[in-house]
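Please open the model in the viewer and keep the selection panel at hand. The stops below proceed from a strand pair to a pocket, and then to individual side chains.

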Amino acid sequence: WHLYHVPFGGMAFQAHRTALRQWRSMKKPEAYAHFERKVLPSLRYNMQLGGTYSGSTFFALLGRVDSCADLRPGDRVSLFSYGSGSGGEFYPGVIGPDARAACAAVKLQAQLDARRVLTVAEYETLERERQRLIDCGDYAPSLEAPAGHYAERYAGTGALVLKGIQKHFREYGW
């Protein structure tokens, strides 16, 4: 099984095809069939999340475990991750005995299904705020925007949330 860093899903096939060329020459349809067997199930969540950057490799691992009933403890996976085009790492992994239970406990699909649709105006407001604060060393997040979101999704849930940033150091709270 092969897991790739996929800031956006279209990169995974190109990465896999490049890796296959090191093994043997394949025509595009044969390479895609191999990709469908070895990689595509891992993209279950990445295709729903969009650009997650460094977290994408771990969402791929979660997708692989949650999507493949034939995956067993002890099965080997390959992981490839890179950062900003300046370096990369290809490393092996082994599925642990508690992997399926740990992934199920996350309930990622339920969380994705519960996402709130934003209006264009809400999105634009949040994006302007993000742009304004992107390089600030001190920041306290608003619990009011978008309207009611914090109260609806986080208050009282015990989730870990960003409380603020002081002198470029993040502070989180439950």
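Select E4 and E5 to begin: these strands pair in the antiparallel sense over 5 bridges. Two strands count as paired if DSSP finds at least two bridges between them; helices (H or I, at least four residues) and strands (E, at least two) are DSSP runs, numbered from the N terminus. The model is predicted, so local features need pLDDT of at least 70 and side-chain atom pairs count only at pLDDT 80 or more, whereas totals for chains, interfaces and linings use all residues. Residues are numbered from 1 along each chain as its sequence is written, and side-chain values use heavy atoms, with hydrogens and water left out.

Within this pair, pick isoleucine 165, which stands opposite arginine 170 in E5. Then move to the turn: E4 and E5 form a hairpin with 2 residues between them, and lysine 167 in the turn has a positive phi of about 55°.

Next, display the largest pocket, whose volume is about 1800 Å³. On a 1 Å grid over the protein atoms alone, a pocket is an open set of points where a 1.4 Å probe fits, with protein on both sides within 12 Å along at least five of seven lines; lining residues have an atom within 4 Å of a point. Grid points are joined across faces, edges and corners, and the volume is the space filled by probe spheres set on the points.

Which residues lie nearest the centre of this pocket? Select Leu126, Tyr139, His149, Tyr154 and Leu162, which hold that position among the 41 lining residues. Helix H6 (108-113), helix H7 (120-133), helix H8 (149-153), strand E4 (161-166) and strand E5 (169-173) each supply at least two residues of the lining, and H7 gives the most, with 7 residues.

Finish at histidine 16 in helix H1 (residues 10-23). This histidine 16 is buried, with a relative accessible area of 1%. Its side chain is joined to that of histidine 34 by a polar contact of 2.8 Å, a pair of N or O atoms within 3.5 Å of which, within protein, one must be able to donate a hydrogen and the other to accept it; residues adjacent in sequence count only if both atoms are side-chain atoms.

Note on methods
Buried < 20%, exposed > 50% of the residue type's maximum accessible area, 1.4 Å probe, protein only.
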